[in-house]
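Q: I'm new to this one. Can you take me through it piece by piece?

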Amino acid sequence: MNFRNKYLLITLRTLFGLLLIFSGVSGLMMGDSTEGVPEALIPITQALQASGIMHMIKVTETIAGIMFLVGFLPALAAIFTAPIGIGIIVFNAMLAPEYILIGIIFSLWNAYFGYAYWDKYRALFKRG
């Protein structure tokens with residue numbers, strides 16, 4: 001199977017974009033509320049919200065989601081979302097291991113975009 005298939009890439013990019021837009025907008029709309037947040041994650045979530053970091057993450061998710069959805073620099077959008085996926089894995093591994101699967105799926109999905117757009121990233125890994 002060709003994993004760089006144009007239609008597979010567009011479909012996964014669109015779904016990932018919708019997921020990011022939903023997550024980002026709902027996080028921004030939630031404000032400082034911790035409704036629906038697992039109890040183990042409430043203190044750190046409140047700290048992230050109070051510091052403004054959570055808002056920055058949600059704005060980044062929303063912008064990257066729009067970029068994926070409309071196909072505007074999707075390789076750059078994948079770079080924007082890579083640290084978010086790693087953060088989800090670390091965050092959940094430390095505080096709520098039962099939710100780590102979400103971070104793993106997010107990161108694998110993002111890794112697929114790294115593979116699909118490798119031609120655009122190749123120059124970043126060359127010496128001199």
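Q: Glu61 and Lys58: buried or exposed?
A: Both Glu61 and Lys58 are buried, meaning under 20% relative accessible area, where over 50% is exposed and in between is partly exposed (1.4 Å probe, protein chains only). This is a predicted model: local features need pLDDT of at least 70, side-chain atom pairs count only at pLDDT 80 or more, and totals for chains, interfaces and linings use all residues. Residues are numbered from 1 along each chain as its sequence is written, and side-chain values use heavy atoms, with hydrogens and water left out.

Q: What does Glu61 form with Lys58?
A: A salt bridge, with the closest N and O atoms 3.3 Å apart. The term needs a side-chain nitrogen of Lys or Arg within 4 Å of a carboxyl oxygen of Asp or Glu.

Q: Where do the two sit in the chain, Glu61 and Lys58?
A: In helix α3, 3 residues apart, so about one helical turn separates them. A helix here is a DSSP run (H or I, at least four residues), numbered from the N terminus.

Q: How many salt bridges turn up in the whole structure?
A: The search finds 2. Arg122 forms one with Asp119, the closest N and O atoms being 3.5 Å apart.

Q: And how exposed is Arg122?
A: Partly exposed, at 38% relative accessible area.

Q: New topic. Which helices supply at least two residues each to the lining of the largest pocket?
A: α1 (6-30), α2 (42-51), α3 (53-70), α4 (74-95) and α5 (100-116). A pocket is an open set of points on a 1 Å grid over the protein atoms alone, where a 1.4 Å probe fits, with protein on both sides within 12 Å along at least five of seven lines; lining residues have an atom within 4 Å of a point.

Q: Which residues lie nearest its centre?
A: Of the 30 lining residues, Ser23, Met54, Lys58, Glu61 and Ile88.
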